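Dear colleague,

Here is the structure that I promised to pass on to you, and below it I have set down what was found in it. Please keep the model open beside the text while you read.

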Amino acid sequence: MHLRRAALAAGGALLLLVAVPANARAASGTFTYMRFDTGTLDGLSDPPNDRCLPLDGGASHASNDTDATAFVYADGACTQLLAIVGTGGSWDETGPPPLPARSVGFGSG
């Protein structure tokens, strides 16, 4: 009887572990940015959480229309934090000298 109860408890825990990460994997929405190199718009749709994502061409402006907090970085390795941009918020490069964003992370950064 104890073995059966332990197996049921373990199975329930496994289902819980599988269900939670599936919902927390990606931010829902679009992170739009103005490319520093060309001045054109670019974006990331439904970006994954907790990953460092490059911003091709760098960014001089960004709008966070996702449901997660965006962490904007000056380098491509997500180590030099420039700004924390909440849901519905935006960021602008303020220079001088110009310091474009090179990467972004979502969720816990």
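**Strand pairing**

Strand β1 (residues 29–35) pairs in the antiparallel sense with strand β3 (residues 53–66), over 7 bridges, where two strands pair if DSSP finds at least two bridges between them, and where helices (H or I, at least four residues) and strands (E, at least two) are DSSP runs, numbered from the N terminus. Within this pairing, Tyr-33 has Ala-62 of β3 as its bridge partner. β1 also pairs with strand β2 (residues 41–45) in the antiparallel sense, over 5 bridges, and here Thr-30 stands opposite Ser-45 in β2. In the hairpin of β1 and β2, there are 5 residues between the strands, and Gly-39 takes a positive phi near 80 degrees.

This is a predicted model, in which local features need pLDDT of at least 70 and side-chain atom pairs count only at pLDDT 80 or more, while totals for chains, interfaces and linings use all residues. Residues are numbered from 1 along each chain as its sequence is written, and side-chain values use heavy atoms, with hydrogens and water left out.

**The chain as a whole**

The protein chain has 1 helix and 7 strands, and from the N terminus on its elements run α-β-β-β-β-β-β-β. Of its 109 residues, 28% count as buried (under 20% relative accessible area, with exposed over 50% and partly exposed in between, using a 1.4 Å probe and protein chains only).

**The nonpolar core**

In soluble globular proteins, nonpolar side chains tend to be buried together. A nonpolar core is here a set of buried Ala, Val, Leu, Ile, Met, Phe, Trp, Tyr and Cys residues joined through side-chain atoms within 4.5 Å. The largest such core has 17 residues, of which Phe-31, Leu-44, Leu-55, Val-72, Trp-91, Val-104 and Phe-106 touch the most other members. At least two residues of this core come from each of β1, β3, β4 (70–73), β5 (81–85) and β7 (101–106), and the largest share, 4 residues, is supplied by β3.

**The aromatic pair**

A search of the whole structure finds 1 aromatic pair (ring centres of Phe, Tyr and Trp, the last by its six-membered ring, within 6.5 Å; planes under 30 degrees apart count as stacked, over 60 as edge-to-face and the rest as tilted). The rings of Phe-31 and Phe-106 have centres 5.5 Å apart and planes at 80 degrees, so the pair is edge-to-face. Because Phe-31 lies in strand β1 and Phe-106 in strand β7, the pair ties together parts that are 75 residues apart in sequence. Both Phe-31 and Phe-106 are buried.

With best wishes
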